[in-house]
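Please look through the model below slowly, following the chain from one end to the other.

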Amino acid sequence: MQFHSLSPLSSHLSSRFSLAPLAAAIALLGASGLHAQTTTADTATAGSLREVIVHGERQGSFTSNTVQVGTFRDQSPLDVPLTSNVITREVIDAQGQRTLYGALRNTAGVTRSQLNGSTYDNVAIRGILVENRGNYRLNGSLPIINLIDVPLENKERVEVLKGASSLYYGFVPPSGIVNYVTKRAGAQPVTSIATSLNQYGAADVHADIGRRFGVDNAFGLRVNAVTGREDIGINNFSGKRELISAALDFKVSPAVNLKFDAEYYKKDSSEQAAITLPTAVGGVITLPPRPGNRVNLAGEWQRYVADATNLLARADIAFSDNWSGIFEVGQAKNTRDRRFSQFTLTNALTGAGTLQVGQQDGQTYENNNVRAEIAGRIPLGSIVNEVSIGYTTNERAQDSRNSVNLPLFAQNLFNPVLIPYTPRTGANANAPSKITDNGLYVFDRIVLSEQWQVMAGLRRSDYTSVTTATRYEAQKTSPSVSVMFKPNEKASVYASYIEGMEESGTAPATRANAGEVLPPSLNKQIELGVKAEVAQGLLLQAAYFDVKRPSTTIDAANRFVLGGEAEYKGLEFAASGEINKQWSIVASALVMNPKITRTTVAAELNKTPENAPKVTYSVFGEYRVPSMPGLALNAGWYFTGKRPVNNANQAYIDGAGTLSLGARYRTKLFGTHTTLQANLDNAINKNYWSTAGNGLLGVGAPRTLRVAAKFDF
């Protein structure tokens with residue numbers, strides 16, 4: 001296990017700036033001719049502490065030989081007793097992806113939830129919502145705020161560690177952790193310019209520069225910058241986005257390594273209107289006719305304007321041959337103004353209805369995170385204990401602001417009309433809250449032999465949630481244990497049991513106990529799995545999982561209470577990597593039987609939780625044409641089964657699959673390494689419901705052709 005590190009973080013970074021100064025800085029860096037690195041960016045610290053070297057993903061591979069999330073940071077996937085998926089840079093590039101969901105669609109059980117992705121991706125895994133303030137991490141540590149599209153251009157890969165993760169991450173739902181790993185300066189200098197556009201007018205340019213310099217190449221710097229115009233093909237839409245990021249590292253000595261990451265990104269775009277569920281009649285909801293995939297019932301002026309600043313510093317220190325430490329400190333900030341609209345159909349024959357627009361300005365979110373951890377090896381004869389002891393403190397503050405509704409607008413589902421611009425009316429009342437989650441944890445990997453390992457951990461959490469009206473405190477201890485058998489170095493079989501704590505939510509304004517913060521709940525997970533590496537690096541995974549999770553419900557007094565439970569159990573399969581020199585593949589499948597096993601609402605008992613599909617699968621493959629060196633052709637199919645629109649299963653959105661096609665050609669133009677590329681998403685232009693949940697429906701994006709060129713100097 002490896003422990004990276006950090007220097008103290010500056011207290012704040014200006015949240016607004018132009019990319020113009022960055023362009024000059026990049027030009028200066030690119031022209032500086034800094035020397036290439038001669039050693040790896042993350043060199044082993046002194047001594048023999050196990051797994052100190054950070055092995056990056058295999059160059060140009062569809063799989064990775066490490067996982068950099070949770071207590072398993074920098075371990076081989078074969079040594080992780082949970083389902084983990086890594087979407088590598090090569091997969092992201094081959095698919096031409098720019099969004100979180102675009103990357104995560106390659107993993108089983110990932111679906112959109114509530115929103116259709118016109119502004120940011122709200123996703124669920126295995127039918128459980130991925131919490132937007134705690135379940136998304138930067139470099140395995142900092143909880144970033146997923147309320148704006150997180151750019152992928154400066155990321156080396158996206159990882160998903162599925163299931164309960166409370167041991168390392170505290171109070172989070174058992175959907176899983178989504179981890180973004182940033183690009184860093186490596187052995188070879190990087191100078192690239194990329195540009196792309198689609199048929200609707202979206203266009204962007206991306207600069208990526210990395211260098212190592214100084215004595216023995218001790219310093220590393222990787223800078224990324226993006227600016228572009230957004231258009232996703234729907235009517236009444238316009239947008240723009242920007243990114244500036246820097247990743248620095250400094251090898252102070254063989255025993256001390258410092259790292260710092262800073263990124264700022266912003267997005268200003270129209271937000272597509274959601275469609276509300278009709279009222280049930282006789283216990284059945286008749287869904288409205290599905291509009292065309294280019295229809296937008298909102299006005300272009302209904303904007304989603306957000307920015308984010310993420311700062312993370314860490315320090316790795318090797319104290320001796322057998323003991324090391326990691327010290328991390330980070331801050332994530334997000335602000336947004338929003339005009340979110342919902343269409344309600346009032347006449348199914350004519351398509352007439354109303355559009356309600358909500359104004360939420362001045363929303364702010366801030367996460368502050370500190371971690372200190374020591375780890376070491378304790379030999380006991382032929383048995384080795386690899387122990388980690390750590391303490392984390394995470395503070396999540398928000399001012400979400402109450403929504404102010406603008407006057408209702410008349411709208412028509414079949415013949416949309418332009419919505420007249422309406423200026424801001426009144427101010428949004430403050431709705432501040434703060435969560436403090438402190439935790440002390442210990443994790444022990446006991447290596448009994450070359451074949452057998454036992455892993456066990458405990459976390460003691462001290463949790464406080466405060467709003468203007470309520471305060472809740474809790475102290476909980478949650479365990480985890482797993483056993484692994486490795487018949488050889490290329491295969492592993494494991495069984496794991498994990499308990500985790502998660503927040504249960506706050507009663508909404510429509511309930512008798514509005515504003516009440518519910519107590520945290522305890523979830524439990526069992527997983528049995530097998531992993532193997534075959535062929536030329538093809539990683540195969542299969543697992544059975546069973547997650548029991550308390551859920552909220554409504555009691556007879558119209559109170560929002562923690563009185564239910566849902567169980568999610570099923571089988572999951574994944575394959576990623578190279579079959580041979582010509583073929584690469586990333587594929588996944590999930591078959592599960594989610595069920596509400598306890599509730600105070602009789603109509604929900606033994607029903608499927610809302611928006612939880614029983615079947616999802618995806619397969620993406622790329623073929624490198626032997627007769628035409630540099631040419632690669634690819635195709636992908638992504639399927640999500642039918643999903644209930646609510647917990648009472650009063651209606652379902654149909655299952656749907658989409659086809660993607662692509663080609664890329666690597667060559668030299670005027671002595672410059674060049675990649676020319678085209679990707680066609682939703683190639684058959686399928687019109688389908690893409691999301692459900694929280695009483696809302698959303699439609700999938702139309703067929704989109706994107707062409708791109710990248711120049712490596």
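## Terms and source

Two strands are said to pair if DSSP finds at least two bridges between them, and strands themselves (E, at least two residues), like helices (H or I, at least four residues), are DSSP runs numbered from the N terminus. This is a predicted model, in which local features need pLDDT of at least 70 and side-chain atom pairs count only at pLDDT 80 or more, while totals for chains, interfaces and linings use all residues. Residues are numbered from 1 along each chain as its sequence is written, and side-chain values use heavy atoms, with hydrogens and water left out.

## Strand S17 and its partners

Strands of a sheet pair through backbone hydrogen bonds, either parallel or antiparallel. Strand S17 (residues 352-380) runs antiparallel to S16, to which 22 bridges join it, and one of the facing pairs is Gly330 with its bridge partner Asn369 in S17. S16 and S17 form a hairpin with six residues between them, and in that turn Gly351 has a positive phi of about 85 degrees.

S17 also pairs with strand S18 (residues 383-399), in the antiparallel sense and over 17 bridges; here Ile374 has Ile389 of S18 as its bridge partner. The hairpin of S17 and S18 has two residues between the strands, and Gly381 takes a positive phi near 70 degrees in it. Four bridges join S17 to strand S20 (residues 409-412), again antiparallel, with Asn412 in S20 as the bridge partner of Ala352. Two bridges join S17 to strand S19 (residues 404-405), also antiparallel, and there Gly358 stands opposite Asn405.

## A five-strand sheet

An open sheet of five strands has the order S1-S7-S8-S5-S6, with mixed pairing. Its edge strands, each pairing on one side only, are strand S1 (84-88) and strand S6 (142-143). S5 and S6 run antiparallel and are joined by two bridges, and Pro143 in S6 is the bridge partner of Arg137.

## The chain as a whole

The protein chain contains four helices and 38 strands. Along its principal axes the C-alpha trace spans about 70 × 60 × 50 Å.

Among contacts (heavy atoms within 4.5 Å) with a separation of 6 or more, 68% come from residues 24 or more positions apart.

## The nonpolar cores

A nonpolar core is a set of buried Ala, Val, Leu, Ile, Met, Phe, Trp, Tyr and Cys residues joined through side-chain atoms within 4.5 Å. The largest one has 43 residues, of which Leu104, Tyr136, Ile144, Val178 and Tyr180 touch the most other members. Elements that give two or more residues to this core include helix H2 (89-95), helix H3 (100-104), strand S8 (176-182) and strand S16 (323-345). A second, separate core of 22 residues includes Trp301, Val357, Trp689 and Leu697.

Which residues does Ile144 touch, not counting residues up to four places away in sequence? Among them are Asn132, Tyr136, Val150, Tyr180, Tyr265, Ala332 and Asn367.

Technical notes:
Buried < 20%, exposed > 50% of the residue type's maximum accessible area, 1.4 Å probe, protein only.
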